[in-house]
Amino acid sequence: MVHALRRTLVVGAAIVAAACGSSQPSEPIVIDGSSTVFPLSEAMAHGFLERHAGAQVTVTYSGTDTGFEKFCGDRLDIVDASRPITVHEQEACAANKVEFIELPVARDAITVIVNAKNTWAESMTVAELRALWAPEADTKVTKWSQVRKGWPDQNIALFGPGAESGTFDYFTAAINGGARASRKDYTSSGDDSTIINGVAADQFALGYVGYGYYERAKNRLKSVAIDDLDDSIGQGPILPSPQSVGRGVYRPLSRILFIYVNNSRTKRPDVRALVDDYLRHAGERAAQVGTIALMSNVYDLARQRFTKRRTGTMYGSPSAAELGIEYLLTQ
């Protein structure tokens, strides 16, 4: 099993030196967390620095879980998250007197991927994904033919995020009914490119990643249409796309992406400026990095939440996500 790979991008020092003629750049704004949100935060940092010479931003990804551990330990200004904060993480933040502001920044579609030469798995049901990824499948469900009759009698090479990943948490909760409820006999990595490369190299492989990572590698892979068998919708298998996510028919693997801001750090003008800039421009940047923009009024509501310094989570109950992000932001 492969553990998380940490990646860091430091942006700003060269721009600061050129713009200000100084070798003493300002204290960096530090962002860490989700690898899925990382490309958007990376793009937002570059755009922010183009408009705010004199600032400095460090953007890192080490996974949502690890990011929250640092954030609730009061070691970050902002954490990127591909799922809402958990009760345990809220307790850790409270223990360290870290108040947070929860802000939605984009949508994502967790995408089930197969090799480009795969000619059989054009679609899968949620039940089939559960049969493949459930804890009880560990070392037992190992061949394609065990997932659906008529599929090849060949071993499946499985790739996916590690337990530090918010994508792992969300996928296992949506498919297996509990966060972290998953088989363990697969190649896991905190680096999505490892998952992409693994599936692209093996005709009989399958994995799952955030939509943006699939989009950037779709010439080497195929996405699998997901059928949740909900007769009230009756849509059948649905491929992930900005349109299917926006219409609410790609289920149950579409989700909201977040940034969480350490409220005490908003005393710094550069942090306030970055967050405001993020919420003003995330919609236009989202498509460029493969994430899916929210509706413009949702960004307006998020900016109001930030301006009012509304701390705490909108996800206080298990059913909160069903109410929709626009509704939650108005409560």
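Asp 228 is partly exposed, with 28% relative accessible area; the classes used here are buried for under 20%, exposed for over 50% and partly exposed in between, with a 1.4 Å probe and protein chains only. The model is predicted: local features need pLDDT of at least 70, side-chain atom pairs count only at pLDDT 80 or more, and totals for chains, interfaces and linings use all residues. Residues are numbered from 1 along each chain as its sequence is written, and side-chain values use heavy atoms, with hydrogens and water left out.

The partner of Asp 228 is Arg 251, and the two side chains meet in a salt bridge at 3.0 Å, N to O. A salt bridge here is a side-chain nitrogen of Lys or Arg within 4 Å of a carboxyl oxygen of Asp or Glu. Asp 228 sits in the loop between strand 12 (225-227) and helix 10 (242-246), and Arg 251 in the loop between helix 10 and strand 13, so that the pair links distant parts of the chain, 23 residues apart. Helices (H or I, at least four residues) and strands (E, at least two) are DSSP runs, numbered from the N terminus. Arg 251 is also partly exposed, with a relative accessible area of 26%.

Salt bridges that share partners join Glu 27, Asp 74, Asp 77, Arg 265, Arg 268 and Asp 270 into one network. Within this group, Glu 27 forms a salt bridge with Arg 268, where the closest N and O atoms are 3.7 Å apart. Glu 27 lies in the loop between helix 1 (13-20) and strand 2 (29-33), and Arg 268 in the loop between strand 13 (254-262) and helix 11 (269-289), so the pair ties together parts 241 residues apart in sequence. Glu 27 is exposed at 54% relative accessible area, whereas Arg 268 is buried at 16%.

Arg 180 and Asp 169 form another salt bridge, with an N to O distance of 3.7 Å. Arg 180 lies in the loop between helix 7 (166-176) and strand 9 (187-189) and Asp 169 in helix 7, so this pair ties together parts that are 11 residues apart in sequence. Arg 180 is partly exposed, at 45%, and Asp 169 is buried, at 5%. By the distance rule, the count comes to 20 salt bridges.

Next comes the pocket. A pocket is an open set of points on a 1 Å grid over the protein atoms alone, where a 1.4 Å probe fits, with protein on both sides within 12 Å along at least five of seven lines; lining residues have an atom within 4 Å of a point. About 1300 Å³ of space lies in the largest pocket, the volume being the space filled by probe spheres set on the points. Its lining has 40 residues, and Pro 84, Tyr 170, Tyr 315, Pro 318 and Ala 321 lie nearest the centre. Helix 4 gives the largest share of the lining, five residues.

The largest nonpolar core has 54 residues, and those with the most contacts inside it are Phe 71, Leu 103, Tyr 260 and Val 261. Such a core is a set of buried Ala, Val, Leu, Ile, Met, Phe, Trp, Tyr and Cys residues joined through side-chain atoms within 4.5 Å. Apart from this core lies another, of 46 residues, among them Val 112, Phe 171, Leu 221 and Val 245.
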